[in-house]
Amino acid sequence: MKFTLSWLRDHIDFIDCKDDVITISETLTSLGLEVEEIFDPSERLKGFKVGCIVEYFKHPNADKLSVCKVDIGNETMEVVCGASNAKEGLLTIYAPIGSIIPKSKMIIQKTKIRDIVSYGMLCSGDELNINNENEGIIEIKKAKAGDKASNVLGDLDPIIEIAITPNRPDCLGVFGIARDLAAKGLGELKVTKINTFKSHSESIPVYTKSTKNNNFCNIFAGRLIEGIENKESPDWLKNRLEKIGLRSINAVVDITNFLTYDRGRPLHAYNSDLISKNIGARLAKAGEKIKALDGKEYILNEETCVIADDEKTLGIGGIIGGEEFGSELETKNIFLESAYFDPIHIARTGRKLNINSDARYRFERGTDPNFVLEGLDIATKMILDICGGKASKTSVATYEDFKNKKINFDIK
């Protein structure tokens, strides 16, 4: 489970001097949430500088390479570069000889490339583990040659990775981690108030066909959101996901991925124009097939929970959606699904089909059934704020109600 320090701060007000990465790391480990790695970009960028390309020409012996004269403040270095956006006057990040590239762990050495000696390297955001941009070298807007890279690169947010044992599914969301740290005394947990929004219509009817003998989906809920303008996600959302290694796809998909990591609440958004009448959870028919979002076709059996309408299968419940029914940029109307799936059922299906997904990882360990509707509301509000549109009332089908247990605890 990866998260950034700024993401954690969204959910906890730290007490003074208890928000440094070392204190947080030691506290997490003491709670049984073992810290596997801390990636602090500013630490990894020691020695990296801002370089200004003062001269640029094509490599005489290689069509796809160029030779750059790079001013790094106190001297000018010659660097062989393969980036398509290299040009005179460009400010970028220069990695000197002896430095280590954060992503590849490659040690920069003086290297002869097609008879031209290269003294260092010009870096992309992907190589520095800052973002997923790998099409060209970083372009710096405001800086001067020789400035420290850590002083000019924005959003150098430390990334913490922890190991999650099977008994701690509550910490498969950043909120759950913040709750533990607050309980340990590092700060005060922030309680998010969900802003209300108007419901404009009835949603698509939903169902769950769980039974006492085969209880695979206790709660199936969702709502229709119509007239959206799906688009590229705002920078804050893209950065959140890309920092922990997820690829930004579009606003609707990114919001569902954000809730998966922020609250441990997987959701799925279907193109509602492709849904026929009712939608819900049932068991597949023997030999039923579906082409999933990973591009593979799966043959299902009678023990597999699927999400389906009155005519066709739309996804494999709690694991992966169908390729044809997801939310694309041109999608205008969506059905946003939130459900509670039985952990044992999800684990068995995931192993049989050999599908690994963030949703499966959480559902097979156990999600909070009391957060199904609240998670749906949070995601709905985000979609309305970013993409516009009108939301319907929530449709809910339940097989079994979950009740909180009261435990007598002697504080002595």
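These questions and answers walk through a predicted model, from the whole chain down to single residues.

Residues are numbered from 1 along each chain as its sequence is written, and side-chain values use heavy atoms, with hydrogens and water left out. Local features need pLDDT of at least 70 and side-chain atom pairs count only at pLDDT 80 or more, while totals for chains, interfaces and linings use all residues.

Q: How many helices and strands does the chain have?
A: Both kinds of element are DSSP runs numbered from the N terminus: helices are H or I with at least four residues, strands are E with at least two. The C-alpha atoms fill a box of roughly 75 × 60 × 40 Å along the principal axes. Within the chain there are 10 helices and 24 strands.

Q: What percentage of the 412 residues is buried?
A: Buried means under 20% relative accessible area, exposed over 50%, and partly exposed in between, with a 1.4 Å probe and protein chains only. By that cut-off, the buried share of the 412 residues is 52%.

Q: What share of contacts between residues at least 6 apart in sequence joins residues at least 24 apart?
A: A contact means heavy atoms within 4.5 Å. Of the contacts in the chain between residues at least 6 apart, the share joining residues at least 24 apart is 71%.

Q: At what angle do H7 and H10 pack?
A: Two packed helices are described by the angle between their axes and the distance between the axes. Axes are lines fitted to C-alpha atoms, for helices over the stretch in contact, and angles run from 0 to 180 degrees between N-to-C directions. The axes of H7 and H10 lie 10 Å apart, and the angle is about 145°.

Q: How many nonpolar residues are in the contact of H7 with H10?
A: Residues of H7 including Val252, Ile255 and Phe258 meet a set in H10 that includes Ile378, Met382 and Ile383. Ala, Val, Leu, Ile, Met, Phe, Trp, Tyr, Cys and Pro count as nonpolar, Asp, Glu, Lys and Arg as charged, and the others, Gly among them, as polar. One residue of the contact is polar and one is charged, while the nonpolar ones number 11.

Q: Which residue follows H6 with a positive phi?
A: The buried residues of H6 (residues 235-243) include Leu237, Arg240 and Leu241. They pack against elements including H1, H7 and H10. After H6, with phi near 95°, comes Gly245.

Q: Why is strand E14 largely enclosed by the rest of the structure?
A: E14 spans residues 217-226. It is largely enclosed because, of its 10 residues, the number buried is nine.

Q: Which residue in E22 is the bridge partner of Gly222?
A: Two strands pair if DSSP finds at least two bridges between them. E14 and E22 (residues 334-341) pair in the antiparallel sense over eight bridges. E14 also pairs with E24 over four bridges, where Gly222 has Ser395 as its partner. In E22, the partner of Gly222 is Glu337.

Q: Which strands stand at the edges of the open sheet of five strands?
A: The order is E6-E5-E4-E7-E10, with antiparallel pairing. Each edge strand has a single partner strand, so one side of each is left without a neighbour in the sheet. These edge strands are E6 and E10.

Q: What is the phi of Lys105?
A: Most residues other than glycine have a negative phi. Lys105 sits in the loop between E7 and E8. Although not a glycine, Lys105 has a positive phi of about 65°.
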